Amino acid sequence: MKTMTKLSLMLLIMVLAMSTGLMALPTFYSGGSGTSGDPYRIANLTDLEDLSTTTNHWGKYFIQTADINAAATSTWNSNGAGGYYGFSSIGTQAIKFTGTYDGDGHT
């Protein structure tokens, strides 16, 4: 009986932790898992910015699910001389983007 009570208490704690998000799995972008059958979904500027800075995802699969207005990025990333170069591209000279990005007809 004592073992059953301990087990019930442990299960209750796990259920509570999961329902409050304490044990939630990390999510990336607006969904997806980065595979060819379930590409990461890029639906907004935050998703796009996260992609441009998450180098360990640059070999994964992506699909854009909405048009994204990136006009707000024009003042991002100072060039140090009073100008800006805007949104950082996906990939660099040192770390290439080797994944697949399907724009799905979106801009």
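Colleague: How many helices and strands are in the chain?

Modeller: Two helices and three strands. Bear in mind that this is a predicted model.

Colleague: In what order do the elements run from the N terminus?

Modeller: α-β-α-β-β.

Colleague: What share of the residues counts as buried?

Modeller: 21% of the 107 residues. The accessible surface is about 7,500 Å², and carbon and sulfur atoms make up 60% of that.

Colleague: And the contacts with a separation of 6 or more, what share comes from residues 24 or more positions apart?

Modeller: 50%.

Colleague: Switching to aromatics. How many pairs does a search of the whole structure find?

Modeller: Seven. One of them is Phe-28 with Tyr-29: the ring centres are 6.3 Å apart and the planes sit at 40°, so this pair is tilted.

Colleague: Are those two buried or exposed?

Modeller: Phe-28 is partly exposed, at 36% relative accessible area. Tyr-29 counts as buried, at 13%.

Colleague: Why is the pair of Tyr-29 and Phe-62 called edge-to-face?

Modeller: Their planes are at 80°, and over 60 degrees counts as edge-to-face. The ring centres are 5.6 Å apart.

Colleague: Where do Tyr-29 and Phe-62 lie?

Modeller: Tyr-29 is in the loop between α1 (2–19) and β1 (40–42), while Phe-62 is in strand β2, residues 61–64. So the pair ties together parts that are 33 residues apart in sequence.

Colleague: Phe-62, buried or exposed?

Modeller: Buried, with a relative accessible area of 2%.

Colleague: Which residues form the aromatic cluster?

Modeller: Phe-28, Tyr-29, Tyr-40, Phe-62, Phe-97 and Tyr-101.

Terms used
Residues are numbered from 1 along each chain as its sequence is written. This is a predicted model: local features need pLDDT of at least 70, side-chain atom pairs count only at pLDDT 80 or more; totals for chains, interfaces and linings use all residues. Side-chain values use heavy atoms; hydrogens and water are left out. Helices (H or I, at least four residues) and strands (E, at least two) are DSSP runs, numbered from the N terminus. Buried means under 20% relative accessible area, exposed over 50%, partly exposed in between (1.4 Å probe, protein chains only). Contact means heavy atoms within 4.5 Å. Accessible areas come from the Shrake-Rupley method with a 1.4 Å probe; for residues, only the protein chains shown count as cover. Rings of Phe, Tyr and Trp (its six-membered ring) pair if their centres lie within 6.5 Å; planes under 30 degrees apart count as stacked, over 60 as edge-to-face and the rest as tilted.
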